[in-house]
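Work through the exercises below with the sequence and the model side by side. Try each task before you read its solution.

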Amino acid sequence: ARPLNLQNLKGDDRRTFVFFPSAPELKIRSFLGVPLVFRGELLGALAFIGRDPNIFTDYHEQMAISIASQASLALIQAQMQNRWKTLGHHDAATGFLNYRSFKQMLEDVLPSLQRKGRTYLVMVEPDRTARLDALRGLPSYDEVIRRIARILRGTFSRGDYLARSMDEGFILLINRSDSYAAEKSIERAKRAIEEAVFSLEKGDIQVTVSIGLFPLVGGKEDVTELLAGAWAAFQSAKKVGVNRTWHFD
């Protein structure tokens with residue numbers, strides 16, 4: 001994390017490189033490198049090169065340090081702006097789309113999705129158990145939600161949309177060849193969550209989820225009604241008991 005001023009590089013006459021032997025032949029004789037550092041974090045480096053020896057003086061080094069300081073600040077600001085933008089569309093705890101962004105996405109893609117395969121809205125929420133209820137409002141509860149999110153991400157395909165719902169669960173948009181394939185995906189995710197052991201400070205717990213599966217059929221383009229249908233399917237699953245799936249045909 002300190003400047004590096006190499007006054008006279010005497011490499012192979014046939015080949016001179018800065019960092020790696022596979023780099024382009026630049027015939028470098030002078031090199032000045034200055035790190036981009038912000039609050040102790042190394043962000044990158046600025047590299048200045050010359051074809052003649054002894055080009056970079058102390059003055060050049062100080063100028064490079066000043067430029068690097070401004071560049072580091074600009075990089076951090078860009079990263080923060082990107083982070084703020086991401087947080088505007090994604091759930092901070094899981095990294096999934098937030099509900100507002102999911103609803104907007106659904107409105108955008110719904111016309112094309114209804115013309116191919118079978119598309120479903122899926123609502124997933126942890127069942128209310130005494131052990132899990134005791135964690136509500138604590139960091140351990142957020143860790144359980146994040147773990148469920150990782151399981152869902154691992155069991156569904158890249159073409160599926162995963163988001164946080166307005167409540168404590170998740171809402172998904174999946175496209176499958178038929179209802180059997182959709183139910184198979186759902187059951188695989190439900191079983192993976194059921195079999196997972198959540199290791200927390202106060203001990204290990206296991207969690208089950210209730211799932212509602214609602215088909216998106218042609219002619220229904222009102223997103224609010226579709227989301228209400230998925231919610232009704234989920235509520236039907238909860239009424240049956242815990243660790244259940246309800247499929248609206």
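**Exercise 1: a strand and its partners**

Decide whether strand β4 (residues 118–126) is largely enclosed by the rest of the structure, and find the strands with which β4 pairs.

Solution. Of the 9 residues of β4, 8 are buried, so the strand is largely enclosed by the rest of the structure. Here buried means under 20% relative accessible area, exposed means over 50%, and partly exposed lies in between, with a 1.4 Å probe and protein chains only. Strands (E, at least two residues) and helices (H or I, at least four) are DSSP runs, numbered from the N terminus. The model is a predicted one, in which local features need pLDDT of at least 70 and side-chain atom pairs count only at pLDDT 80 or more, whereas totals for chains, interfaces and linings use all residues. Residues are numbered from 1 along each chain as its sequence is written, and side-chain values use heavy atoms, with hydrogens and water left out.

Next, look for pairing, which requires that DSSP finds at least two bridges between two strands. β4 pairs with strand β6 (residues 170–176) in the antiparallel sense over 7 bridges, and T119 stands opposite N175 in β6. β4 also runs antiparallel to strand β9 (residues 209–216), to which 8 bridges join it, and there E125 has S210 as its bridge partner.

**Exercise 2: a residue in a loop**

Find where S165 lies, and determine whether S165 is buried or exposed.

Solution. S165 lies in the loop between β5 (161–164) and β6. Its relative accessible area is 8%, so S165 is buried. Leaving out residues up to four places away in sequence, S165 touches Y99, M123, F170 and I171, where contact means heavy atoms within 4.5 Å.

**Exercise 3: the largest nonpolar core**

Which residues touch the most other members of the largest nonpolar core?

Solution. A nonpolar core is a set of buried Ala, Val, Leu, Ile, Met, Phe, Trp, Tyr and Cys residues joined through side-chain atoms within 4.5 Å. The largest one has 30 residues, of which V122, V144 and F170 touch the most other members. The elements that give two or more residues to this core are β4, α4, β6, α5, β7 (198–200) and β9, and the largest share, 7 residues, comes from α4.
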